[in-house]
Amino acid sequence: MQTSRLQTAVLIGPGLGWLALLMVVPCGLVFVLSFFERGVYGGIDYVFNFGNFARAIDPLYLNIFFKSARIAGLAALIALLIAYPAAYAISRAPRRHQTPLLFLAILPFWSNYLIRTYAWIVLLNREGFLNQGFELLGYQGEPINMLYNDGAVVLGLVYNYVPFVILAIYSSITRLDPEIWEASQDLGATRFRTFYRVILPQTVPGIAAGLVFVFVLSIGNFITPDLLGGGRVQMVGNLIYDQFLTARDWPFGAALSFVLIGIMMVLLFLQAVLANRAQGGGRG
Amino acid sequence: MTREAATVLEIRNVSKSFEAVQAVRDVSLSIRENEFFALLGPSGCGKTTLLRMLAGFEKPSRGEILLDGKDISPIPPNRRPLNLMFQSYALFSHMTVRGNISYGLEMENLPKGEIQARVNDILETTRLTEAANRRPAQLSGGQRQRVALARALIKRPRVLLLDEPLAALDKKLRESMQLELKRLQNEVGVTFVVVTHDQEEALVMADRMAVLKDGVLMQVGSPHQVYEHPNNKFVAQFIGVMNFFDGETVDGGVKVKDEVLLGAVPPELGRGQAAAIAVRPERLEIANGAMPADHNRLSGQVVEIAYHGLDVTLSVRTPISEQAILVRVSANASDRFKFAAGQNLDIVWSATHSRIMAS
Amino acid sequence: MADAPGAGGLFLRAHLYLVYVFLYVPIGVLIVLSFNEAGLPTAWTGASLKWYGALAANETIQRAALNTAIVAISSTIIATTLGTLLALGVEMRQKPNAALDALLFAPMIIPDIVLAIALLAFFSLIKFSLGLHSIVMSHVVFNIAFVFAVVRTRLRHFDFSVIEASVDLGAGAFTTFRRVTLPAIFPGVLAGALLALTLSVDEFIIAFFVAGAGPSSQTLPMQIYSMIRFGVTPEINALATIVILFSFTALFLSQRLNREVLTS
């Protein structure tokens, strides 16, 4: 189809312009900001230096990065362990049930994040639902505090992102030729060995995509550590938030943002390479 | 047609390149009034590009296209009195059959009454009246094809362009639609230019046809001319099946190894030139006793027999050709001779059926 | 290709059901509690619409709901228009462009907090006033990307030759867009718009950063956040129920319109 340059410009121009002005320029600005320093009374001193990045790798902050990475990694791993069998089960359900089942699994992912997180406060609270349940079951001691710790943060992240991993794994399973199950069994493999030797290796791109996305969405998360960690669990997202709204050190907050984006880009790049290689190997 | 009809569409030295690829090279053609014209060639030969240049969706890199003697290159596709029937049909899936067909007339801002009358008319002609209020998704393949046809025809174009109009149909339907298209063309009296890769389709439907290869025009003529007198090896091979013997020209034939095969040497080939002598499988016969003097005779051995129901194709190995030659024998002859692999026999054909061309 | 329910199959199925329990019980508990007379989970004292009444009488929440509606509807209209045009432009060009793809994918994966501070820094640098309009402008950024992605999947199954067919039949560019292109992709556009609407209704962090001071540009999620953060009031369950049911409805419609919206 022949499309003129003018036509393309009219179609693409406004959208790209919007993104350029309100995403590229602001992000560029944050990048520039990260090389300046905080003024004495807040504000910004326009003195070019790498001080903020040096400060970002100070053990105090580096620890927060490590801690965030540990929590995000744990959340990603647990989400994968829950999601893989679920996605596999959906892919083995009768064809006409698959879309509704998948829709049901993914639906919460697109609904209000704050409310989904709040629901766990209701459940985990000292006076919350679970403690009352324990009481009904005959538990007599002090109510258990299940909120405001690393575990609650991991749980919140897993809860929020499991649907996404189910989707990623499911689509990598359905991309396989439906006859490979039969082919493998025809060659004498049991169902378990078919899964282990044939299906699992071919769904590695889906696994990688799921892991990377949960990790990336978690490490920069602000709401979950803020609400379920109760301010005690500091993660990178909260740190950036504090620099902007509490400490008023915008340049340092900007530097932290860029370290975060750098980590994400590396991971996404690795995942893309892996997906590409799997695709190259699978075809041909 | 005794008298030569007027030229409707003239393509003059048209070339088209897309970046590095030259899709059409210096093609000149004239298409006559009321003609059923086929553009035939393998995929990638430039026939669709040529058609799209006629419709106005591509601009020629060089050359010009004249409609009734006037250059139409400045006219955008929506103002050209030519209409295109797309290979995918490109039906508007959110409109009914009637909506699809009336769309083009609505664009001409015709009065409602006239639009309705003309739509009803063409629905009748294309046997779609029953389906008028259905959506394309509810139609059969053959019905969809007729909607696409009706939608383009209702504009009463000077020339109707059809891009592989039958390719999406199954074999049985395709064969009946070939005749149907021909009937329709007669009925509406519009010039048709059809692009196809199917040589049989072109032979059955076309009044005249052009064979293209790699963007170059190889031959133009009636199906009979092109089939019986191919200009070159490509055309001979692309249309139908052809046996070739490579050798060099001598007086009154071609010398292949030690054998001289008789046939008329075309004037442009001199003596002693590399040439091929070709003959169609259906022109070969199994020798049965004496033969006239102007016949060629070759002895060979049957290597394979393929049964087609209607007739039988023998592959026969001869001493003068690397490739086995194909012989088409009628079912009757096959019954008479009771062929078997390994059998020795003689093949004969009249020199009038030999075609000699540069190799 | 259903499995005969062997032991493994049964285990898988049980696991799947447990995952649904895990996903929906927390939301279900909220919904049930919103009808609890006592308001808090400590005791069930009978079903009541009391908290919905309280919600309806709360002017701050009404104001926030109105603000959210303004933000969500405006940003959806702008993002749907721009995102649809983008998808058409990109698909019609047919030349893959990695930089363009990355740019259009970026708003979906940049951490909200980073986009939020970037926009705040930008607006304050150019001394742009903050308020509902700045929230709308910011929401359009990520909504463009989602609308683009949804409409683009729709266009993958779109036969672009219908555009040529329309032109061939005598229509101009505008008529072709209005009568052929738009109706053909409309389910995808609507599905993208519904997704954009829910995302905007639910978005908190970016709105929080670029709303500026004062209650005049508080949105519902900001209201919900402060209710969670600074003392849980029973009304929140009622509010959460309404918001969640709104999202579920919009998402369900979106999925009905275009099977691939949420699953691609």
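Predicted model: local features only at pLDDT ≥ 70, side-chain atom pairs only at ≥ 80, totals over all residues.
The largest nonpolar core holds 218 residues. Within this core, the members that touch the most others are A:I166, B:L9, B:L39, B:L50, B:L161 and C:F209. The most is given by helix α3 of chain A (residues 59-91), which supplies 16 residues. Around B:L50, with neighbours within four places in sequence set aside, contacts are made with B:I11, B:V14, B:V24, B:V27, B:L29, B:L39 and B:L212.

In chain C, helix α2 (residues 50-57) packs against helix α11 (residues 235-257), with axes that come within 8 Å. The crossing angle is roughly 85°. Angles of 65 to 115 degrees count as roughly perpendicular, and α2(C) and α11(C) are therefore roughly perpendicular to each other. From α2(C), the contact involves C:W51, C:Y52, C:A54 and C:L55. Their partners in α11(C) are C:E235, C:A238, C:L239, C:T241 and C:I242. By class, this contact has 7 nonpolar, 1 polar and 1 charged residues.

Helix α8 of chain C (residues 173-202) contains C:T176. This threonine has 3% relative accessibility; C:T176 therefore counts as buried, the cut-off being under 20%. Beyond residues up to four places away in sequence, C:T176 touches C:I163, C:S166, C:V167, C:A171 and C:T181, as well as B:Y103 of chain B. A polar atom of the C:T176 side chain lies 2.7 Å from the backbone oxygen of C:G172. C:I228 is 52 residues from C:T176 along the chain, and their C-alpha atoms are separated by 51 Å.

Terms used:
Residues numbered from 1 in each chain as written. Chains lettered and ligands numbered in written order. Heavy atoms only, no water. Core = buried A, V, L, I, M, F, W, Y, C linked by side-chain atoms within 4.5 Å. Buried < 20%, exposed > 50% of the residue type's maximum accessible area, 1.4 Å probe, protein only. Helix = DSSP H or I, 4+ residues; strand = E, 2+ residues; numbered from the N terminus. Contact = heavy atoms within 4.5 Å. Axes fitted to C-alpha atoms, helices over the stretch in contact; angles between N-to-C directions. Parallel < 35°, antiparallel > 145°, perpendicular 65-115°, else oblique. Nonpolar A, V, L, I, M, F, W, Y, C, P; charged D, E, K, R; others polar. Polar contact = N/O pair within 3.5 Å; in protein donor to acceptor, adjacent residues only side chain to side chain.
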